[in-house]
Amino acid sequence: MEKKKNISMAVIKRLPKYHRYLNELMKNDVDRISSKELGEKIGFTASQIRQDLNCFGDFGQQGYGYNIRELYGQISTILGIDRIYNTVIVGAGNIGQAIANYRFNRLGINLTGIFDANPELIGKSIKDVEIKDVANLKEHLDNNFIDIGVICVPRINAQKVCDVMVKCGIKGIWNFAPVDLSIPEDVTVENVHLSESLMTLIYLLHTKQDEE
């Protein structure tokens, strides 16, 4: 299966949705599904699904549809969640704790450390991972190969934490701080700005109410 280059971000962002629905179908013991049936469940057209999957190779058989277990495995490989990603979380407040408690291990996430500056949190554990002083972050990163760094600190400290992660070789950053980080070109960052997402929802709600 050969990945094509220059695949649009819109297609990439739809893949996790396919993955989630296929997982639900497997749990319900469904073995095979057509693009039309899958589209009806997800809310996409059959043509859209075929176009998206064709970006990555040939899937399914005309007249027979998709083998759900095989397609699920292939999308897992495309997304890269068929391997382990060593991860650290910096910031053990509400967001950091919520992330640490989520079942990300099914996506290949291996949480190796949680760090915070709050003395009241240091020494406590979340799912058997002890919260350590953020002053020990660099030492942990130097002694462990880490793929992903999760930033859940206040905006004033976010760039400093990011710089430590980048200097220690982390190439993927999941940023929950409400600030745009300055990073080198070889580092990938995914920003999750909760207030921006909420404002988008409020705008759409407000617009719909005005139309009604």
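Mentor: Angles of 65 to 115 degrees count as roughly perpendicular, those under 35 as roughly parallel, those over 145 as roughly antiparallel, and the rest as oblique. The model discussed here is predicted, so local features need pLDDT of at least 70 and side-chain atom pairs count only at pLDDT 80 or more, whereas totals for chains, interfaces and linings use all residues. Residues are numbered from 1 along each chain as its sequence is written, and side-chain values use heavy atoms, with hydrogens and water left out.

Trainee: What makes up the secondary structure of the chain?

Mentor: The chain has eight helices and nine strands. These are DSSP runs numbered from the N terminus, with at least four residues of H or I for a helix and at least two of E for a strand. The C-alpha trace spans about 60 × 50 × 35 Å along its principal axes.

Trainee: How are H1 and H3 oriented to each other, and why?

Mentor: The axes of H1 (residues 9-27) and H3 (residues 46-54) cross at roughly 110° and come within 10 Å. Axes are lines fitted to C-alpha atoms, for helices over the stretch in contact, and angles run from 0 to 180 degrees between N-to-C directions. H1 and H3 are therefore roughly perpendicular to each other.

Trainee: Which residues make the contact between H1 and H3?

Mentor: H1 contributes Val-11, Arg-14 and Tyr-18, and H3 contributes Gln-48, Ile-49 and Asp-52. Contact means heavy atoms within 4.5 Å. By class, three of the residues are nonpolar, one is polar and two are charged. Here Ala, Val, Leu, Ile, Met, Phe, Trp, Tyr, Cys and Pro count as nonpolar, Asp, Glu, Lys and Arg as charged, and the others, Gly among them, as polar.

Trainee: How are H1 and H2 oriented to each other, and why?

Mentor: H1 and H2 (residues 35-42) pack at an angle of about 105°, and their axes are 11 Å apart. H1 and H2 are therefore roughly perpendicular to each other. The contact involves Lys-17, Tyr-18, Tyr-21 and Leu-25 of H1 together with Leu-38, Lys-41 and Ile-42 of H2. Five of the residues are nonpolar, none is polar and two are charged.

Trainee: What makes the buried residues of H3 line one face of the helix?

Mentor: The buried residues of H3 are Ala-46, Ile-49, Asp-52 and Leu-53. Seen down the axis of H3, these residues fall within an arc of 130°, so they line one face. The arc is that of the directions from the helix axis to the C-beta atoms. The buried residues of H3 pack against H1, H2, S2 and H4.

Trainee: How do we know that the span of H4 agrees with its number of residues?

Mentor: The expected span is 1.5 Å times one less than the number of residues. For the twelve residues of H4 (residues 68-79) this should give 16 Å, and the end C-alpha atoms are 16 Å apart, which agrees.

Trainee: Which residues of H4 are buried, and where do they lie around the axis?

Mentor: Ile-68, Leu-71, Tyr-72, Ile-75, Ser-76 and Ile-78 are the buried residues of H4. Within an arc of 160° seen down the axis of H4, they line one face of the helix. They pack against H1, strand S1 (32-33), H3 and strand S2 (66-67). Arg-69 and Glu-70, on the other side of H4, are exposed.

Trainee: What is the phi value of Lys-127, and what is that of Asp-128?

Mentor: Phi of Lys-127 is near 50°, a positive value in a residue other than glycine. Asp-128, likewise not a glycine, has a positive phi of about 70°.

Note on methods. Buried < 20%, exposed > 50% of the residue type's maximum accessible area, 1.4 Å probe, protein only.
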